[in-house]
Amino acid sequence: MGLLTGKTALIFGVANDHSIAWGIAKAFHREGAILGFSYATEKLERRVRPLAESLGADWVEPCDVAKDEDITAVMEKAASRFGQIDILVHSIAFANREDLSGPYYTVSRQGFLTAMDISVYSFTALARAALPLMRPGGAMLTLTYIGSQRAVPHYNVMGVAKAALEASVRYLAADFGADERRIRVNAISAGPIRTLAVAGIAGSRALINAFGKVSLLHRNITIDDVGNAAAYLCSDLAAGVTGEVHYVDAGFNVAFPLNEEGEDA
Ligand code: NAD
């Protein structure tokens, strides 16, 4: 028996086999979950469908989370296919490339709203739409980054968005914990991983290299590290855990910021 045997999970945010959502999907599949996938654009379907099929999933549906009608439609399709679900994974973020370099304060109103809409509001909107489908004891999960707590170079408006996302995890956990089904809501704060989303952030290669030297485990994080932690958080083993931001970052967030030579990291 796997940790997630008998559970159904909807996974939003696979773009390719480097995506964190793909690491989560692989771990969920290994632990026995039935999976459904949603992708953002027609162009991505070509990549996502074969990946989904490799894990025995044929429910692969479009949803641009910027559109309310897409969110309604994808949950209706999930309801007619699965009836009820146990797990919702939101592994989605977006900000304009020009807002992920240089100083933060130059962000435009539109750039700010876009980052907040796709990276923050979409989790609340998906959670609300998924709620009628959730079985008792179900779990929702989103992905965040330490740029919510610290001024990470070039993370800029995405750091502001992640702070809001983490706050929304706590409010959703309060709302859904009061529901008699006791749905849990958590976030994983992952260390930096080279994915499509990260490639848009200025200086990300150097940051990832430095991270591997200063994290307490002296290594970088993989999508499988995140997937394994997600499997725990969305399983009944974590039945007492909600409203949390769980760091999967090789201990970076508790490290003192000096390298082995005692120099600034
Ligand atoms: P990724 O590019 O593989 O995934 C981002 C996903 O967001 C893509 O699948 C993309 O299609 C989706 N997306 C963007 N706009 C969308 C829209 N309008 N509708 C639907 N989907 C949309 O990159 P990733 O690094 O796997 O990112 C997944 C999550 O993990 C993000 O929330 C990201 O901020 C977070 N995260 C990433 C890292 C990292 O270093 N890679 C670290 C911490 C947190």
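This briefing describes the sheet, helices, cores, aromatic pairs and cysteines of one structure. The model is predicted. The largest nonpolar core holds 45 residues, while the whole structure has zero disulfides.

- Four bridges join E6 and E7 in the parallel sense.
- Ala190 is placed opposite Val248, a residue of E7.

**Helices packed on the sheet**

**The nonpolar cores**

- In soluble globular proteins, nonpolar side chains tend to be buried together.
- Within the largest nonpolar core, which has 45 residues, the members that touch the most other members are Leu10, Phe12, Met75, Leu88, Met140, Phe176 and Val185.
- Both strands and helices contribute to this core: strand E1 (8-12), strand E4 (85-90), strand E5 (134-144) and strand E6 (184-190), together with helix H3 (68-82), helix H4 (109-130) and helix H5 (156-178), each supply at least two residues.
- Leaving aside residues up to four places away in sequence, Leu88 touches Leu10, Phe12, Met75, Leu126, Ala127, Ala130, Ala139, Met140 and Leu141.
- A second core of 43 residues is separate, and Leu4, Ala21, Leu44 and Val226 are among its members.

- Helix H1 (residues 20-30) is largely enclosed by the rest of the structure, because eight of its eleven residues are buried.
- The buried residues of H1 are Ile20, Ala21, Trp22, Gly23, Ile24, Ala25, Ala27 and Phe28.
- After H1 comes Gly32, which has a positive phi near 100°.
- The structure contains four aromatic pairs.
- One of these pairs joins Trp22 and Phe37: the ring centres are 6.5 Å apart and the planes stand at 40°, so the pair counts as tilted.
- Trp22 belongs to helix H1 and Phe37 to strand E2, so the pair ties together parts that are 15 residues apart in sequence.
- Trp22 has a relative accessible area of 7% and is therefore buried.
- Phe37 is likewise buried, at 1% relative accessibility.

**Helix H7 and Ser204**

- Ser204 is part of helix H7 (residues 204-214).
- With a relative accessibility of 10%, Ser204 counts as buried.
- Ser204 touches Arg194, Val198 and Ala199, when residues up to four places away in sequence are not counted.

**Cysteines**

- A disulfide is a covalent bond between the sulfur atoms of two cysteines.
- A search of the whole structure for such bonds finds zero.
- Cys63 is in no disulfide, and the nearest cysteine sulfur, that of Cys234, is 18 Å away.
- Seen from Cys234, the closest cysteine sulfur is in Cys63, and the 18 Å between them is too far for a bond.
- Cys63 is buried, at 4% relative accessibility.
- Cys234 is also buried, with a relative accessible area of 2%.

Technical notes:
Residues numbered from 1 in each chain as written. Predicted model: local features only at pLDDT ≥ 70, side-chain atom pairs only at ≥ 80, totals over all residues. Heavy atoms only, no water. Disulfide = S-S within 2.5 Å. Buried < 20%, exposed > 50% of the residue type's maximum accessible area, 1.4 Å probe, protein only. Core = buried A, V, L, I, M, F, W, Y, C linked by side-chain atoms within 4.5 Å. Contact = heavy atoms within 4.5 Å. Pairing = 2+ DSSP bridges. Phe/Tyr/Trp six-rings, centres within 6.5 Å; stacked < 30°, edge-to-face > 60°.
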